[in-house]
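Please look through the structure below.

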Amino acid sequence: MPSWRAALRLLSSARRRARSLIVMPVILAVLGCAPMAPSQVTETPSIPADVMTAALAFRAQFGLRSDPAWVEAVEHDPDASARAFGVRLLPAELADLEARARNANAVVPVVQAYGLQHVDVYGGSYIDQEHGGQVVVLVTDEPASHIAALAQQLHPSANWTVRQVAFSQAMLEALHERINADIPWFEANGIALGSVATDVPGNQVELVFFASDPFGGDRIREHLGAGRMLNLVLDRNVVARLPRGSLRGRVVSSSGSSVADLLINAIGDIGKAEPDGGIAYGTDTDGIFLIPSLPAMTWEVQALIGVPGADWRVLGTTRVAVGGNATSVVIINVP
């Protein structure tokens, strides 16, 4: 999978609360870093509001300096570039991202192997992007023995830590799977599931739901009996109550050939909805893409290409109705 697609998946995870285990090396390049001062800065016109908003959100999420004055200075620094992540960063920031990626690539495999050897106490691991890209290992018992064991396997300069939590990753995953298997119970009780996600940093399973019954949440807790392991979020958005379908498509050029490595963006007619999870998708080598979960409604589906030093450009678009519990098929034609 191209690196840009992995980066987009991580960026879009900010829109969905970033609740899954973050361990894949391919996404580790998108980490926060300590900024260095831009080269000579002079007074320049204010940058567009959308550029400022995107830069502030990106920098805040990944632990970068994010005040408007700094963002504007970097935007006008001739040495800064937006080519890597769509937000202008200084050379020193990009270099620091690479250093963080090297740290994570070295630490994560060791941590994962260690977790497989201690399944009963391993709570998962994640990258703390707001604190220097530190690898955080979660355990359910006293951290000291795990720190000592991991220190023997990791380089002294590696950036990692161990934190104690209440529940193991195996327990969280078991609850997640149970909720998925209990969908008939939710439907029978008039409760619509918006999403279910394993929140590794929060050491919980988050369940977003809608119920007109004000005691719907209480009934869920009583049924699952998960206590503090379960985080219930009531979503009054109508989209959360819609059935889900999927969308399979192909991007074809005017010559009839498949077009690979394009970003696929979907915008729903109701509230400009996004695909479940807000994840970005792309075409494979055969120009094919699959969006596995979409609320049932009409969608505008776009095929976009990245322009070096600029934003994404729409190459082609089409509209398609997605039904519940069904897979819709679409073809997007591009020049």
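Helices (H or I, at least four residues) and strands (E, at least two) are DSSP runs, numbered from the N terminus. Asp 96 and Arg 100 both lie in one such run, helix H4, four residues apart, about one turn of the helix. An α-helix has 3.6 residues a turn, so residues three or four places apart point the same way.

This is a predicted model: local features need pLDDT of at least 70, side-chain atom pairs count only at pLDDT 80 or more, and totals for chains, interfaces and linings use all residues. Residues are numbered from 1 along each chain as its sequence is written, and side-chain values use heavy atoms, with hydrogens and water left out.

**Salt bridges**

The structure holds five salt bridges (a side-chain nitrogen of Lys or Arg within 4 Å of a carboxyl oxygen of Asp or Glu).

Buried means under 20% relative accessible area, exposed over 50%, and partly exposed in between (1.4 Å probe, protein chains only). Glu 93 and Arg 59 are both buried. Arg 100 is buried at 11%, while Asp 96 is partly exposed at 23%. Asp 182 is buried at 17%, and Arg 178 is partly exposed at 34%.

**Helix H3**

Helix H3 spans residues 68-75 and is mostly covered. Six of its eight residues are buried, among them Trp 70 and Val 74. These buried residues pack against H2 (49-61) and H4 (91-117), where contact means heavy atoms within 4.5 Å.

**An open sheet**

Three strands form an open sheet in the order S10-S7-S13, with mixed pairing. Two strands pair if DSSP finds at least two bridges between them. S10 and S13 stand at the edges with a single partner strand each, so one side of each has no neighbour in the sheet. S7 and S10 run antiparallel, joined by six bridges. Gly 249 stands opposite Phe 289 in S10.

**Nonpolar cores**

A nonpolar core is a set of buried Ala, Val, Leu, Ile, Met, Phe, Trp, Tyr and Cys residues joined through side-chain atoms within 4.5 Å. The largest has 23 residues. Phe 289 and Trp 299 are among those with the most contacts inside it. S11 gives the largest share of this core, four residues. Apart from it lies another core, of 17 residues, including Leu 175 and Phe 186.
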